[in-house]
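Please load the model below in your viewer and keep a selection panel to hand, as each stop of this tour asks you to select something and then describes what is there.

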Amino acid sequence: MMRRRYLVCASAFAVILATTACGKSDEGGPASRPTIDISKLDPGNYPTAPVDVAKTRVDDSAAAREAIRIGDSVPLAMEVDSRFIYEMSRYFSRIVTPNNPPYFDDTGVEGKDFDNVAPGLVAGWYTQGRRRAELGAGRGIEMIVVRFSTADQAAAAARALADRTKGESYTINGHPGGITKYSLDTGMGNAAMSSYLAHRDMLLYARINDPVSMPFDPAAQADLVKRVFDKQIEMLKGYSPTPLDKISQLPLDVDGMLSRTLPLDSKSSGASAVAVYPRHAALHPEHRPDLSKAAFEDAGVDYVSAAQTFVLRTHDTASADRLIAAFEAQLDMDNYKKIDGPPNLPNARCYNAKDGIDSPSDYPPICWVPNGRFVAEVGGRNVQDLHQRTAAQYILLSKS
């Protein structure tokens, strides 16, 4: 499941926020928002009745909810260093669970091998950020935070994974208990520094990828690792671990949002990522979290529900309309064009790849549509499919 947003520019984003903040009705929204007759919408074969979320539970559902709680206390790369503003925009790769363990570069440990090397994994979170939009054009930060059943297991995991990481040892100022290695050649055409730090029952991991610095300066990379750990430890003060015997009782939904989000096809991967994300956790997969953070804060977004579509809850109807305007401002209009929305849904804002562009699959069709204080973001395989999904999602949001 991938969520894409494309940048126009920050100045256009600011202008649209400013120019859409007027024309409010008594309910806090624009007086011009049309009345929609949902009986005239065509959802195709997509479901239009709220989902019984309990029936969507998979083995990792409870652990995934704890992972999201951890993710809400993991810094964005740009919160460590404001220059790291580009992301990869994927939800499913964020969540770490026993059935979806993390991958630590340079260790060779992945999949089922992880429990043999580092037993006791409870849940965790992965995030990253880059200085440049293009891969290999600038430094990148990777962060993984993993909770283990005990502090001893977290410490053992740090040692075991560090032992499998090749490179020269280095010490991070202020974090002498960490184990750090750096290599001038990781086998992937770049230099990197990897550091493992046990913090209570958590394993904190930071990796700095550097494909451009010549020569590679380990002191500069170590300073960035220090800032990662400092910020992570500070933010983890806001995380209250769910007792191990209570994790299975974590709720799957928030205020019925997930039940009214178009569900994934039963054959789709990433089922454990189908969940409701608090604002900060939801920012991690954003392609430009700096722009999205400003938009979320302006609109009062508190939760994002992610399944086959995305539903964002804002402060009020005016906020929902401003949020859509902000998202439109992030589209790459060199490659997108505006298209008609679904029949009988005139307030949907929809776009598709321009004719004749290279790699049109990189610019899939997308719609945003408001319903009360909610904004639905919908992607589709083609325009007809997009229209039907958008109609179905609008109907779902109209159900109580």
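**First stop: helix α10**

Select residues 383-398, which form helix α10, a run of 16 residues that reaches 23 Å from its first C-alpha to its last, close to the 22 Å expected at 1.5 Å a residue; the expected span of a helix is 1.5 Å times one less than its number of residues. Helices (H or I, at least four residues) and strands (E, at least two) are DSSP runs, numbered from the N terminus. The model is a predicted one, in which local features need pLDDT of at least 70 and side-chain atom pairs count only at pLDDT 80 or more, while totals for chains, interfaces and linings use all residues. Residues are numbered from 1 along each chain as its sequence is written, and side-chain values use heavy atoms, with hydrogens and water left out.

Now colour α10 by accessibility: 13 of its 16 residues are buried, so the helix is largely enclosed by the rest of the structure. Buried here means under 20% relative accessible area, exposed over 50%, and partly exposed in between (1.4 Å probe, protein chains only).

At the start of α10, show the side chain of N382, an oxygen of which reaches to within 3.2 Å of the backbone nitrogen of Q384.

Then move along to Y394, which is placed in helix α10 and counts as buried at 8% relative accessibility. Not counting residues up to four places away in sequence, Y394 touches I36, I38, L41, L345, V369, P370 and N371, where contact means heavy atoms within 4.5 Å.

**Second stop: helices α8 and α9**

Select residues 289-299 (α8) together with residues 317-329 (α9), two helices that pack at an angle of about 165° with their axes 9 Å apart. The axes are lines fitted to C-alpha atoms, for helices over the stretch in contact, and angles run from 0 to 180 degrees between N-to-C directions. How are α8 and α9 oriented to each other, roughly parallel or roughly antiparallel? They are roughly antiparallel, because angles over 145 degrees count as such, with those under 35 degrees roughly parallel, 65 to 115 roughly perpendicular and the rest oblique.

To see where the pair meets, show the side chains of A295, F296, D298 and A299 in α8, which meet S319, R322, L323, A326 and F327 in α9.

Keep α9 selected on its own: it has 13 residues and reaches 19 Å from its first C-alpha to its last, close to the 18 Å expected at 1.5 Å a residue. Twelve of the 13 residues of α9 are buried, so this helix is largely enclosed by the rest of the structure. Among the buried residues are T317, R322, F327 and E328. At the N-terminal end, D316 caps α9, with a side-chain oxygen 3.3 Å from the backbone nitrogen of A318.

Select S305, which lies in strand β9 (residues 303-306) and is buried, with a relative accessible area of 0%. Which side chain makes a polar contact with the side chain of S305? That of T261 does, at 2.8 Å; a polar contact is a pair of N or O atoms within 3.5 Å, of which, within protein, one must be able to donate a hydrogen and the other to accept it, and residues adjacent in sequence count only if both atoms are side-chain atoms. Leaving aside neighbours within four places in sequence, S305 is in contact with M257, L258, T261, A275, V276, F310 and V311.

**Last stop: the loops**

Select D255, found in the loop between α6 (218-236) and β8 (275-278), where its phi is near 50°, a positive value in a residue other than glycine; at 59% relative accessibility, D255 counts as exposed. The loop between α6 and β8 also holds S248, which touches R57 and A62, not counting residues up to four places away in sequence.

N344 counts as partly exposed, at 43% relative accessibility.

Finish with K112, in the loop between β1 (95-96) and α4 (113-117), which counts as exposed at 79% relative accessibility. E110 is found in the loop between β1 and α4 too and is partly exposed, with a relative accessible area of 47%.
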